[in-house]
Amino acid sequence: MTGKDATTADFEEFVRACGPRLLRVAWLLTGDAHLAEDLLQTALAKVWPKWHSISGEHPEAYVRKTLVHTHATWWRRRWRGEVPHGELPDSAARGADPFAGVDLEDSVRHSLQRLPKRQRAVVVLRYFEDLSVEETAQILGCKPGTVKSQASKALRSLREVLSDKDVHYV
């Protein structure tokens with residue numbers, strides 16, 4: 001093995017052996033599993049270029065110290081980034097129903113499922129995928145007139161179903 005290969009293998013062995021303990025330290029620092037993984041990965045990336053000089057003496061202690069310093073840097077940076085406000089910025093939307101969009105999506109999805117397969121395919125391709133009549137006809141293997149008539153029937157059905165559910169759409 002060359003010197004670089006040996007260094008890489010040594011680093012990989014260190015990560016296998018000490019990674020779980022270091023991840024636990026990172027988790028205890030952050031209190032979040034995903035942030036802990038990010039923190040450990042960042043610390044290991046910082047340590048890797050210096051690995052040849054720190055691998056002989058207590059490398060785990062060095063990485064642990066890097067974890068703590070990196071976490072402190074993240075904490076300081078995040079804290080300075082927050083600016084408290086007396087009023088929430090979305091105050092104009094407070095009266096709006098926060099679930100209206102979800103209700104509409106759910107109603108449209110259920111209404112689409114009630115359409116015949118060909119009409120559903122036309123609606124999805126034309127209006128959700130934003131394809132032209134010609135592109136839709138080519139994909140479905142039919143004439144453009146068929147796409148237009150199927151779209152018209154499907155939209156009529158969707159309007160009826162959605163108006164029965166008292167859903168307000170744009």
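**Figure 1. Helices α6 and α8 crossing.** Helix α6 (residues 117–128) packs against α8 at an angle of about 95°, and their axes lie 9 Å apart. Here axes are lines fitted to C-alpha atoms, for helices over the stretch in contact, and angles run from 0 to 180 degrees between N-to-C directions. The two helices, α6 and α8, are therefore roughly perpendicular to each other; angles of 65 to 115 degrees count as roughly perpendicular, under 35 as roughly parallel, over 145 as roughly antiparallel and the rest as oblique. On the α6 side, the residues that meet α8 are Arg118, Gln119, Val122, Val123, Arg126 and Tyr127. Their partners in α8 are Thr146, Val147, Gln150, Ala151, Lys153, Ala154, Leu155, Ser157 and Leu158. Contact means heavy atoms within 4.5 Å. Sorted by class, the contact of α6 with α8 has eight nonpolar, four polar and three charged residues. In this scheme Ala, Val, Leu, Ile, Met, Phe, Trp, Tyr, Cys and Pro count as nonpolar, Asp, Glu, Lys and Arg as charged, and the others, Gly among them, as polar.

The model shown in these views is predicted: local features need pLDDT of at least 70, side-chain atom pairs count only at pLDDT 80 or more, and totals for chains, interfaces and linings use all residues. Residues are numbered from 1 along each chain as its sequence is written, and side-chain values use heavy atoms, with hydrogens and water left out.

**Figure 2. The whole protein, for orientation.** The secondary structure comes to eight helices and zero strands, and from the N terminus on the elements run α-α-α-α-α-α-α-α. Helices (H or I, at least four residues) and strands (E, at least two) are DSSP runs, numbered from the N terminus. Of the 170 residues in the protein, 26% are buried. Buried means under 20% relative accessible area, exposed over 50% and partly exposed in between, with a 1.4 Å probe and protein chains only. Among contacts with a separation of 6 or more, 56% come from residues 24 or more positions apart.

**Figure 3. Helix α7 meeting α8.** Let us move on to another partner of α8. The axes of helix α7 (residues 133–140) and helix α8 (residues 144–164) come within 8 Å and cross at roughly 100°. That makes α7 roughly perpendicular to α8. Val133, Thr136 and Ala137 in α7 meet Pro144, Val147 and Lys148 in α8. The residues of this contact divide into four nonpolar, one polar and one charged.

**Figure 4. Ala137 and its surroundings.** Ala137 lies in helix α7 and is buried, with a relative accessible area of 4%. Not counting residues up to four places away in sequence, Ala137 touches Cys142, Lys143, Pro144 and Val147. Leu125 is twelve residues from Ala137 in sequence, and their C-alpha atoms are 9.6 Å apart.

**Figure 5. Thr70 and its polar partners.** Thr70 is found in helix α4 (residues 59–81) and is buried at a relative accessible area of 2%. Two polar links are worth a look. The side chains of Thr70 and Lys46 are joined by a polar contact of 3.1 Å, and a polar atom of the Thr70 side chain lies 2.7 Å from the backbone oxygen of Thr66. A polar contact is a pair of N or O atoms within 3.5 Å; within protein, one must be able to donate a hydrogen and the other to accept it, and residues adjacent in sequence count only if both atoms are side-chain atoms. Beyond residues up to four places away in sequence, Thr70 touches Leu39, Thr42 and Lys46.

Figure 6. Thr30 lies in helix α1 (residues 3–30), and its side chain reaches the backbone oxygen of Asp32 at 3.0 Å. Leaving aside neighbours within four places in sequence, Thr30 is in contact with Leu35, Ala36, Leu39 and His71. Ala36 sits in helix α2 (residues 33–47) and is buried, with a relative accessible area of 1%. Ala36 and Val25 are eleven residues apart in sequence and 8.2 Å apart in space, C-alpha to C-alpha.

**Figure 7. Cys18 and Cys142.** Cys18 is buried, with a relative accessible area of 9%, and Cys142 counts as buried at 19%. The structure holds zero disulfides, a disulfide being a pair of cysteine sulfur atoms within 2.5 Å.
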